[in-house]
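Please look over the sequence and the model below before reading on.

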Amino acid sequence: MMRHPGGTRRLLTTAYVVMMNFSNGEIVSAQLAPPSTEERTIAVHRIVLNWLQCEECTPRQLQAVVRLGPKAVPFLSAALQDGPTMIELAPVTRFLQRRYADLRKYSSLHSDAPLRLTESEYISFHVSQLKTQYQIRAATALGAIGGPLAKQALEVSPDQPLSATVNRVVKQALSRSNPLIP
């Protein structure tokens with residue numbers, strides 16, 4: 001990994017195709033091989049996740065997603081419909097469980113700070129907030145990317161209804177004056 005001047009990290013993958021003469025071990029030719037489809041997909045996903053999960057987002061993080069164009073749309077569409085994946089939620093859930101245990105301990109030592117939520121309620125509340133964050137950022141990025149694929153992703157109804165806040169962002173994204181959204 002190499003540090004980007006803006007402070008974000010970039011995954012740099014370089015592969016060389018080397019032709020070798022096996023009779024004497026000499027290198028006959030070497031050329032730079034393009035990254036595999038899997039490597040490109042992982043890189044796209046990483047850039048999108050940086051945007052979806054940022055705590056103090058910068059315009060550069062959104063711009064990085066927008067530069068991906070249609071390649072980012074499947075990831076953003078899934079985030080808009082479903083929020084974080086189970087794999088993305090696992091570390092968050094573990095953190096929230098530890099945080100709740102700390103709050104429980106604190107509450108037991110301070111009678112003036114009772115816990116008002118069960119652990120399950122506490123985790124559900126914060127996971128719901130994270131899902132909303134993912135959906136808002138996905139809609140924002142789709143609106144900024146524009147084009148027919150992004151528009152289609154914004155217009156698709158998810159299995160579960162979107163919150164009023166997310167719906168408002170989706171409508172804003174669809175009505176943007178982005179020339180790429182017909």
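At roughly what angle do the axes of helix α3 and helix α6 cross, and within what distance do they come? In this predicted model, the axis of α3, which covers residues 73-82, comes within 9 Å of the axis of α6, which covers residues 147-155, and the two cross at roughly 10°. Since angles under 35 degrees count as roughly parallel, α3 is therefore described as roughly parallel to α6. On the α3 side the contact is formed by Val-73, Ser-77 and Leu-80, and these meet Leu-149, Ala-150, Ala-153 and Leu-154 of α6.

After the helix comes Gly-83, a residue whose phi is positive, near 75°.

The partners are Tyr-100 and Tyr-122, whose ring centres are 5.4 Å apart and whose planes make an angle of 50°, an arrangement classed as tilted. Because Tyr-100 belongs to helix α4 (residues 86-109) and Tyr-122 to helix α5 (residues 119-145), the pair ties together parts that are 22 residues apart in sequence. Are these two tyrosines, Tyr-100 and Tyr-122, buried or exposed? Both Tyr-100 and Tyr-122 are buried. Another aromatic side chain, that of Trp-51, has a charged neighbour, with Arg-137 lying over the face of the ring at 5.9 Å from its centre.

The protein chain contains 7 helices and 4 strands, and, read from the N terminus, its elements follow the order β-β-β-β-α-α-α-α-α-α-α. Of the 182 residues in the chain, 30% are buried. When contacts between residues at least 6 apart in sequence are considered, 62% of them join residues at least 24 apart.

Terms used. Residues are numbered from 1 along each chain as its sequence is written. This is a predicted model: local features need pLDDT of at least 70, side-chain atom pairs count only at pLDDT 80 or more; totals for chains, interfaces and linings use all residues. Side-chain values use heavy atoms; hydrogens and water are left out. Axes are lines fitted to C-alpha atoms, for helices over the stretch in contact, and angles run from 0 to 180 degrees between N-to-C directions. Angles under 35 degrees count as roughly parallel, over 145 as roughly antiparallel, 65 to 115 as roughly perpendicular and the rest as oblique. Contact means heavy atoms within 4.5 Å. Rings of Phe, Tyr and Trp (its six-membered ring) pair if their centres lie within 6.5 Å; planes under 30 degrees apart count as stacked, over 60 as edge-to-face and the rest as tilted. Buried means under 20% relative accessible area, exposed over 50%, partly exposed in between (1.4 Å probe, protein chains only). A charge sits over a ring if NZ of Lys or CZ of Arg is within 6 Å of the ring centre and within 35 degrees of the ring normal.
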